[in-house]
Amino acid sequence: MIDLLNFSLADIIDILLVGVLIYQIYRLIKGTAALNIFIGIIIIYLAWFVVNALNMRLLSAITGQVLSVGVIALIVIFQQEIRRFLIHLGSDASGHRNITKAIFGHKSNKVPLEILEEITQACRKMSETKTGALIVMSHTSSLEFVIETGDTLDANIKRRLIENIFYKNAPLHDGAMIISNNRIVAARCTLPMSESQNIPANLGMRHRAAAGLTEQTDATVIVVSEQTGNISFVKNGEIKVMSSIIELRQCIENAA
């Protein structure tokens, strides 16, 4: 049992860090089937803690064996979540580097007005013609693992080029376009699918792919629905349907 008389500052910090770790894990797996598994693991661990404190040797041995053998199983079950957690750690470190750059006067990630206009007007046109599109806008997270799944480009951002890439008979239309450093760097890229159960059933695979990438990275994604023509902006796994091009412009500016 915990010795309250010897409860030190280090113990308080230890408990707080464990709490933060559990909360971050919960954030990564909420809305997925893995959440129920995670809750079950917590329950088993609490049961082991109680029976061990009460000196119930048989139950303590059984639950201890379940926990020790289960570590290997957890690595297999939670491999996607572990990968996502490590990506978030890398993104946070990259974010701290960007803050340092901002302090020392390096250029910001603000999207130039002419590029913003090209993107939004292309989306408006594709929305009117119900041309399906998936446009990824990179921020601090590395998207090399996505770029390598498609065809590498190095092109200026122009509305006609965007429309031509996503034209249904074009060879590059199937997949996502990646925009990084105000350039089109790749097309026909494959995005990781979200396992979230909170995505509405009426939304298609483009939306689920957009949610999957934004759950794992700090990238933002614009989705144009082929069925309805609706434009959605996806950030941190959350899908928001745009009411107008002006709202889309504001979302892009705020995310930069």
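**Exercise 1.** In this predicted model, determine the handedness of the crossing of H5 and H9, and decide how the two helices are oriented to each other.

*Solution.* Step 1: H5 passes H9 in a right-handed crossing.

Step 1: The packing angle of H5 and H9 is about 135 degrees, and their axes lie 10 Å apart.

Step 2: Angles over 145 degrees count as roughly antiparallel, and 65 to 115 as roughly perpendicular.

**Exercise 2.** Identify which residues of H5 and H9 meet, and sort the contact by residue class.

*Solution.* Step 1: On the H5 side, the contact consists of Leu113, Leu116, Glu117, Ile119, Thr120, Cys123 and Arg124.

Step 1: These residues meet Ile245, Leu248, Arg249, Ile252 and Glu253 of H9.

Step 2: By class, the contact of H5 with H9 holds seven nonpolar, one polar and four charged residues.

**Exercise 3.** Describe the largest nonpolar core through the residues that touch the most other members, and then list the contacts of Ile222.

*Solution.* Step 1: The core has 29 residues, and those touching the most other members are Ile119, Ile135, Ile162, Ile222, Leu248 and Ile252.

Step 1: Among the elements that each supply at least two residues of this core are helices H5 (113-128) and H9 (245-255) and strand S5 (220-224). H5 gives the largest share, six residues.

Step 2: Leaving aside residues up to four places away in sequence, Ile222 touches Ile119, Cys123, Ala133, Leu134, Ile135, Met137, Ile231, Ser232, Phe233, Leu248 and Ile252.

Step 3: A second, separate core comprises 18 residues, including Ala176, Ile178, Ala210 and Val223.

Methods:
Residues are numbered from 1 along each chain as its sequence is written. This is a predicted model: local features need pLDDT of at least 70, side-chain atom pairs count only at pLDDT 80 or more; totals for chains, interfaces and linings use all residues. Side-chain values use heavy atoms; hydrogens and water are left out. A nonpolar core is a set of buried Ala, Val, Leu, Ile, Met, Phe, Trp, Tyr and Cys residues joined through side-chain atoms within 4.5 Å. Buried means under 20% relative accessible area, exposed over 50%, partly exposed in between (1.4 Å probe, protein chains only). Helices (H or I, at least four residues) and strands (E, at least two) are DSSP runs, numbered from the N terminus. Contact means heavy atoms within 4.5 Å. Axes are lines fitted to C-alpha atoms, for helices over the stretch in contact, and angles run from 0 to 180 degrees between N-to-C directions. Angles under 35 degrees count as roughly parallel, over 145 as roughly antiparallel, 65 to 115 as roughly perpendicular and the rest as oblique. A crossing is left-handed if the near helix is turned anticlockwise from the far one by less than a right angle, and right-handed if clockwise. Ala, Val, Leu, Ile, Met, Phe, Trp, Tyr, Cys and Pro count as nonpolar, Asp, Glu, Lys and Arg as charged, and the others, Gly among them, as polar.
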